[in-house]
Amino acid sequence: MPVRFQLNGVLIEENDVSPSMTVLDYLRETKGLKGTKEGCAEGDCGACSITIQSALGRVKTVNACLMLVPQLDGMSVVTVEGLSAPDTDMHPVQQALVDNHAAQCGFCTPGFVMALYAYTQTGESVTPESVHEAIAGNLCRCTGYRPIVDAGISLGSKAEKVIPPAIEQSDYYTDGDEDFFAPRRLEQLVALKSEHPEAFVLAGGTDLGMRASKERQPYGQVISTANVTELNQIERDQDSVRFGAAVNYTRALPILEEIAPSFAQLVRRIGSRQIRNLGTIGGNICNASPIGDTAPCLIALSAVMIARGPNGQRDIPADEFFTDYRKTVLSADEILEAIRVPIPSPDLIFRAYKISKRFDQDISAVIGAFALKVEAGVVVSARIAFGGMAATPARAPACAAALIGQPWSLDTAIAGGAALTEDFTPLTDFRASQDYRSRVAGNLLQRLHLDTTQDGVAVEVMAL
Amino acid sequence: MLTPKIQSIDVSAARDLPGVHAVLIAGDVPGRNDVAPIFEGEPILAEGLVEYVGHPVAAIAAETMDIARAAAALVVVEYLALDPVLSIDEALRRKSFTSPPQIMRRGNSIQGIADARHQISGEVRCGGQDHFYLETHIALAVPQEDRDMLVYSSTQHPTEVQHGVATVLGVPVNAVTTEIRRMGGGFGGKESQSTIIAALAALLAAQARRPVKLRLSRDDDMVITGKRHDFLFRYQAGFDDNGRIEGIDILMASRAGNVADLSSSVLIRALCHADNAYYLPNAHIHGYPCKTNTVSNTGFRGFGGPQGMVAIETVIDHIARTLGKDPDDVRRANFYDEADRDTTHYGQKVEDNIIAEMVDRLSQEIDYPARKQAVAAFNRDNTVLKKGIALMPVKFGISFNLPTLNQAGALVHVYTDGSVHLNHGGTEMGQGLYIKVAQVVASTFQIDIDQVKISSTNTAKVPNTSATAASSGSDLNGMAAHDAANQIKTRMAGVAADHFEVDEGEIEFRNNRIYARNDSISFAELAQLTWENRVSLSATGFYSTPKISWDDDTMTGRPFYYFSYGACVSEVVIDTLTGENRVLRTDILQDCGRSLNPAIDLGQIEGAFVQGMGWLTMEELWWDDKGALRTHGPSTYKIPGSRDVPPEFNVHILEDAPNREPTIFRSKAIGEPPLMLALSVWLALRDAVASVGEQRCVPNLDTPATAEAVLMAVDEARAQSRGG
């Protein structure tokens, strides 16, 4: 079955393209659409931003460098060339950028055009903050951004539901050498994983996509979870929310906002909108990075990973899921089906703090997640987890023990911070030194105390 | 495993891979394997010695990028490990330099320091910076007939590319043509470095006898090409009760990297900006370009100037905090002034000084004293978040330090339909040079700007050009184009005078027409008439900057035609628990002379400020203990994003301030000067850090002031205070 998608309004069928080819290479080299730029090939600069839309979804911006061509199956794709033909009037987004003097060298401009084009269709309230969020995945080295933000504000945003054409999707694509499976049902997914235990399981591909974009390595066999119905569901009952493993961050955000605002705030800092439109909590968990942002939160919130294999389903507590650097308890024939997040009770204090060099689109140096219960001024329970402090995201039992049973005071917080030296011996790398990681992790307990005991006091620089 | 000697290199497997068309190692270079811009001995492919991790040893051309990359992986190199120098400190210890130390001396610094009422000494470091132009280096080499080569290069310096390509191919310069329409950002990173990429493409094209395009991946670009020099400064100063400097000694040691490249020029500009806006009576400023086994550093917007200012601003801040004075009072006490305090430590008289007026104006407009009080009040009320505020004055010298480079050419044709073709030696990298020069030509002829066709920079049209660098693009090329257009205009005016039978003095070019008393014809009609009269409608223009001079032996002279001035106040907040920090507000007043294009100048000011802010705060180049750069992509090397820009960001261009020198329409250069205004952010961070200590706490904050650096400085300030 070919890969079928609409590209700038034209239906395309591809039969011969390697399933390991990135959408960026495809656009530039195969289709000659050079308006989509390569600035980094790692999803961090946004110069390759395009929009995609599935039959049921909204227009969303993604990084073409991190997507594989078969991931376009069934999509309507728009590149900067699709907004306005050469020698015709500019698209309003392009015109707004010109009117605001928002392009200097112009290399990043097509990416900003596409990110803002998507922004104009979300219907979100138009503020500098929402524009920042919309373009957090786009770097410009010339302008200093002010005119770009002004252009975004001048454009505004209206929720316009454009109905894209329904395009038949295939569940299998091959160019003869490599296979790309895109099952629709959970049972098919499980069966495929058993048959091809060595295949790459691809969710959003925002991490795995680097294999193609940067390492230039073929995948051989890929099993995509993107179209599996069961994995795309969000189910909520009284006690918990069950996120299918293929639910992307953008879809998870509104519900996280309701149940754990601090978690949601953190998710808004994962990658960029381009990344969150593809990336999934399931992928963030399964790649088992020690600095994945969601894992410490899930551990602190006592989330449960629901795995499925040929022998059925099993529940794995989040803190038992990671075994070593980039290793999990999943066996070769298992997949992650869902993540069950208990809804925090009203008396549970939950906070997550991320420390990185840049606020947006940066990988954490340290991430701390805290779930506390305080009764009559005394800490009665504490579940604390950190990322960036060890080979895996992990709980901090000594820190928690130093808090439990103690009055929730600054002294207790300091003692809890000090106890972290028993829990972790972090490493030095280019994100932070061992010393800094240790100090800042300990100090986050003091921030937690301030944050949970003093109303109306700004505890983070971004609050000013 | 480092700074290894090549024992053997085997490219046979790479050569045999299907789809590979050319494989090149140092021995295959037909000409000279050397692209040094100033000195000699800077091979494009490592020859014998591999001097840094990432030093290219071979180049491959293949049908596709992926085949070329696969072939590159098949090259087998055996190395013999030697003992590398990986830090400035180590190079200083070993006296390992890429060119001789450079020393500026005035008066007697030792005496001046010793005789002063107060003395301080200290050390500070500033980090390097990757240019992170969004478009990486790229070149397309197309073999021509004979052994000629046409190279499309993303370069700020087409002439140097032309020379470099001719050198490696072993052909005369006239056999090579370089063309460049625009770059996706340059910032100094494509001044000398593009020659490496262009020369490799040309060598491969010559070998393969086919066009070759070489585009670096982001990682390769960051690993292989040079960056802003990081510096180590050691200073001693003596000063009076008002903080006025009486003697100063500053050691400036830069990381030149494995070869000299432009390091000696960068260093001299650092030395020339050791004063910023301050008079240094007894000064000893000595610079050392340290040879290290890391990538060779190069020009970057400001070209040493920003680094030099880090040193002097540290001194000023240190003096103020030692005396318990407001740093702005100490700044004012040291500003260049009338009469006996108007000459720089390199002997140039500061004739156009407006720094005090600019600072006053900005202070008044933003009610600076009240803002300081508000910051102090905030700090009294808050224990964890602390604010800081600081003012940065900037005086920046305009002209290439080396007088020779201050020349430019242009070529203008008027066609018989009145349309104009414009070419000049400057390159466009997003800074708006092309449109500014086109404005000059349109204005000279008094025609609409869309009548002027701006054409690609091309070494066959305008030869022997200087780099588009040192903020000089519009100063030099604007004047050259003005000269060319004026020559044609004069000839056309003569034709018009004959036609209307009036004196030439009565001919007026206005609104696309040429007027003579009550008669007029269109510019196009006059162009046709000029042709019919067999008068040339084409001219080359030339400009060389007047008044400048430099004596390399005494390190004195007038290197700068004029100075550009600016003032900036930034307010920041830091988190004393995490070191996280943020700029809350920035106000800028920038001198542009009589701006050629305020919209473009505004874009330059804002962009330069944000870039400078990135250099000083979040952009961290991190090498591991083996000398490998580990931050070589945007996932690990963080440049500012839109949210990092000050939420309140007020930029004003100084009005009614024509350049006192007759520059092009009395404008001033704008490319680099505003970058240094970002030092206000770092100074404000120092101010915030100092607030956690006792009064007279001198913060110890190097750049980049990352969250980590700020937290460490906060902890140290607290410890200092506790320790007394």
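Trainee: How many bridges join β3(A) to strand β4 (residues 60-63) of chain A?
Mentor: Four bridges join them, and the two strands run antiparallel. The rule is that two strands pair if DSSP finds at least two bridges between them, and strands themselves are DSSP runs of E with at least two residues, while helices are runs of H or I with at least four, numbered from the N terminus. One example is I52(A), which stands opposite K60(A) in β4(A). A hairpin through six residues joins β3(A) to β4(A).

Before we go on, this is a predicted model: local features need pLDDT of at least 70, side-chain atom pairs count only at pLDDT 80 or more, and totals for chains, interfaces and linings use all residues. Residues are numbered from 1 along each chain as its sequence is written, and chains are lettered from A and ligands numbered from 1 in the order in which they are written.

Trainee: Which other strand pairs with β3(A), and in what sense?
Mentor: Strand β5 (residues 76-78) of chain A pairs with β3(A) in the antiparallel sense, over three bridges. There, Q53(A) has S76(A) as its bridge partner.

Trainee: Why is β3 of chain A called largely enclosed?
Mentor: A residue is buried if 20 or more other C-beta atoms lie within 10 Å of its own, exposed if 12 or fewer, and partly exposed in between, with C-beta atoms placed from the backbone. In strand β3 (residues 49-53) of chain A, five of the five residues are buried, so the rest of the structure largely encloses it. S49(A), T51(A) and Q53(A) are buried on one side, and I50(A) and I52(A) on the other.

Trainee: What makes T328(A) count as buried?
Mentor: T328(A) has 20 C-beta neighbours inside 10 Å, so it counts as buried. This residue lies in strand β15 (residues 327-328) of chain A. Leaving out residues up to four places away in sequence, T328(A) touches C286(A), A288(A), F321(A), F322(A) and T323(A); contact here asks for C-beta atoms, placed from the backbone, within 7 Å.

Trainee: How do you know that the buried residues of α15(A) line one face of the helix?
Mentor: In α15(A), the buried residues are A413(A), G416(A), G417(A), A419(A), L420(A) and D423(A). Seen down the axis, they fall within an arc of 160 degrees, so they line one face. That arc is taken over the directions from the helix axis to the C-beta atoms. These buried residues pack against α14 (397-403) and α16 (434-453) of chain A.

Trainee: What makes β17 and β20 of chain A edge strands?
Mentor: The open sheet has four strands in the order β17-β18-β19-β20 (chain A), with antiparallel pairing. β17 (348-355) and β20 (394-395) each have a single partner strand, so one side of each is left without a neighbour in the sheet. Two bridges join strand β19 (residues 378-387) of chain A to β20(A).

Trainee: How does the radius of gyration of chain B agree with a compact globule?
Mentor: The radius is taken over C-alpha atoms, and the globule rule is 2.2 Å times the number of residues to the power 0.38. With 724 residues that rule gives a value near 27 Å, and chain B has 27 Å, so the two agree. Buried residues make up 61% of chain B.

Notes
Two residues are in contact if their C-beta atoms, placed from the backbone, lie within 7 Å.
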